Structures are given as C-alpha cells and as structure tokens.
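Trainee: I would like to learn how to read some features of a protein model. Please take them one at a time.

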Amino acid sequence: MRKQYISSLKGIACLFVALGHFLGVVKYASSIPLNITFFSWLEKYRLGFMLDESFWLYLFFIVSGYLVANSKVTTIAHFFVRAIIRFLRLAIPIFAACSIIFVFNRFVPYYNAQTSVFFENAWLQNAYATEFSVGKLLLSPFDVLFLNRTIFNSPYWVLRSMMFASFLIYILTYIKHKDNSQKVFWILAVLLSLSSLYFDRTIFVCIIGAFICYYEASLQKLFQSKMIRIGSGLVSIALCFLHGTVGAIAVFSWMMIAIPKLLRVKSFLEKKVFSFVGEISFGIYSFHWPIFCSCGALIIIKLWNVLGGGYAILLSIALSAIATILISVFFYYVVEKPANKLIKMLKDKSEKLLSKPVK
C-alpha cells in the first residue's frame, strides 16, 4: 500500500514546479516594467532555490525512484512485465493529456510569444510555436518517452529519463534479490550512478531514491537518534544555500528518511487534502504550462495597463492555478482512475500468470 505522505510529497513537488513556471515570466525577464526587488533579495541571500522549479523536480525524481524500487522484480519475466506496465502507466495519461491540449489549442489561442516580447523573456518564446496535427497526437507517447519530443507540453522533458531510470532500477532490484549477486549489484549500481551523474542527472537522482527504498530499514535505525536527524537536516539545508543541485538531492533524501520519524510532520502530510493533491499531481504537471501560456499570458497582456503590472501577474497566477486544479481533478477521475484500474488488472493477471509453476 502506498504511503500517504509519499503521495503528498509528489503533490508538493508539482505545485512548486508550477509556481516556478508561473513566476518565470518575471524571473527570466531581461527587461520588465515592474519592481522585482523581491527576486533580487532572494538571489542576494541565496534563497532563489525556493522558487526554482528545477530545484523541486529533484523531490519528484527521488520519490519516483523510491516508488519504482518498491516493485517486485525477482525474475526476468517480472522485469519485462514491469517495464511494459511502466510504459503504459506513463503513455496512457500522456496521450490523454496531449489530446486535451490538442483540443484546447483549437479553441484557445496562446499568448506566450507576445508575452515574451513584452517582457524580453526568451524563456517563453518557443512554447507552442509548432502547429499540432493528428499524426503528432497519435505518436505523442512514443515521441515523449523515446524521442523526448515535447511539443504538446514542454515540462514532459523529464519523463523519458524517468522511464529509463525505472528500467534500470528494475534491473538493479532483480539483481539485488539474487543471493549470489551482491557484488554484481554493487558494481552495477556504482557504474550506473557514475554514468548517469555524467550523462543524465535525472536518472542519477531516481537511483538515489531507489537506494533509499532498498535500505530504508537500516536508514530508519540510523535516524532513531534525534541528534542525527537534526544535524543531518541542518547540513542538508545548508547545502541548499551553497549549491542548489547538491542541496536539493541532500534535503529531499533527508526528508524521505526523516519524515517517518517526525510524527507531527508525517501526520500533517497524511491529511486528505495533501494526499489528494498528490493523486492529481500528474494533471497539475501536465496542464499548468499550457494554461499559463494561453489564459495566463492573455491576462497579463490585456490587464497590465488596467490593473497594473503586479496585480496583473498575481491575477494571472491565481486564475491559472485554479484552472489547473480544476482540470487536474477532472483528468484524475475521467482518465487516471480508470487507467490505473486497467493497469492494475493487467498487473494482477500477469502476476498470477508468472506465479503458476512451470509444468
């Protein structure tokens, strides 16, 4: 059974990623007719990581690796079944989300290009610059997961790496469960970690999440000491100030280990509202960007001189967030829940098939 606080952490990660994207119109602007002292203050005191969407993605990667490592992979057949199920678990919602964005694009124009000119913000320029076609829609899951083409939703750029990380973690899990293969496990783990650190940091962080799962019991024993929990937490936070990437890996790894020992924090994260945000997190991740590039950008352009710059941006963020939550809830009940039931049925049938003794 999935732990509720883990689901909540996914939701928190997605909310901060969305907020970072919403604020990108200001953060990455070369010239903006608005007082941005707040962002200058954050950078001056090295607090910019708090509103950096890439920082919060590391929490999502660690959680993903942790959850994938929980999978049962004791045979080669298990590996192939898990790999196919993992692909379907990503491909079905990707296709459904791209279909909604495809229809949305037919009726709602995008204003991110105009906004990028207005703010001299090249970061917004290239989103939704390509015209969608039915053919591209049909190929969208394969384009995203194998070719890393993300024309429907640019935040999907991480999903290919996360899928490949899942396959590698399944291999590690398979080898780890072999009693006579521990040396092979450690050699492969080190090689995969070093190579992924060089070629694809997303995969590296997912593998860290997997190791937290593999050795969770031992780590929990280590964290029984209050001094170790506090000391390691302070060191992790300090690393966030010194280096965002290292700090993100450290602090989110620490959270995964420490939260079960922080009963009040764990109880808070297990509240239904936070858990539900985690349940709809894929929808938040999928729809916040197209909504902001269309409706959000339109509000900023049209109401800048009417409300004033700051109020226009705040209204844009608020309405984009509300629209994102609403469509994510719809997407969860109409697409994700039925898809999860189908995938669970396929998984259960395959497990029964694999558990039958060979005659």
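Mentor: Start with Cys-213, which counts as buried at 13% relative accessibility. Buried means under 20% relative accessible area, exposed over 50%, and partly exposed in between, with a 1.4 Å probe and protein chains only. The model is predicted, so local features need pLDDT of at least 70 and side-chain atom pairs count only at pLDDT 80 or more, while totals for chains, interfaces and linings use all residues. Residues are numbered from 1 along each chain as its sequence is written, and side-chain values use heavy atoms, with hydrogens and water left out.

Trainee: How many disulfides does the structure hold?

Mentor: A disulfide is a pair of cysteine sulfur atoms within 2.5 Å. The structure holds zero.

Trainee: Which residues touch the most other members of the largest nonpolar core?

Mentor: A nonpolar core is a set of buried Ala, Val, Leu, Ile, Met, Phe, Trp, Tyr and Cys residues joined through side-chain atoms within 4.5 Å. Here the largest one has 104 residues, and Leu-9, Ile-94, Leu-145, Tyr-156, Leu-159 and Phe-252 touch the most other members. Helix H3 (residues 53-69) supplies the largest share of this core, twelve residues. Helices (H or I, at least four residues) are DSSP runs, numbered from the N terminus.

Trainee: What is Tyr-156 in contact with?

Mentor: Contact means heavy atoms within 4.5 Å. Leaving aside neighbours within four places in sequence, the partners of Tyr-156 include Ile-94, Cys-98, Val-144, Phe-282 and Tyr-285.

Trainee: Which residues line the largest cavity?

Mentor: On a 1 Å grid over the protein atoms alone, a cavity is a set of points where a 1.4 Å probe fits but cannot get out, and lining residues have an atom within 4 Å of a point. The structure holds one cavity of 30 Å³ or more, and the largest cavity has about 60 Å³ of space. Its lining includes Cys-98, Lys-136, Asp-143, Arg-149 and Tyr-156. Helix H7 (residues 140-147) gives the most to this lining, with three residues.

Trainee: Is Ser-236 buried or exposed?

Mentor: Ser-236 is buried, with a relative accessible area of 6%. Its place is in helix H12 (residues 226-242).

Notes. Helix = DSSP H or I, 4+ residues; strand = E, 2+ residues; numbered from the N terminus. 1 Å grid on protein atoms, 1.4 Å probe; cavity = no way out; pocket = protein on both sides within 12 Å on 5 of 7 lines; lining within 4 Å. Points joined across faces, edges and corners; volume = space filled by probe spheres on them.
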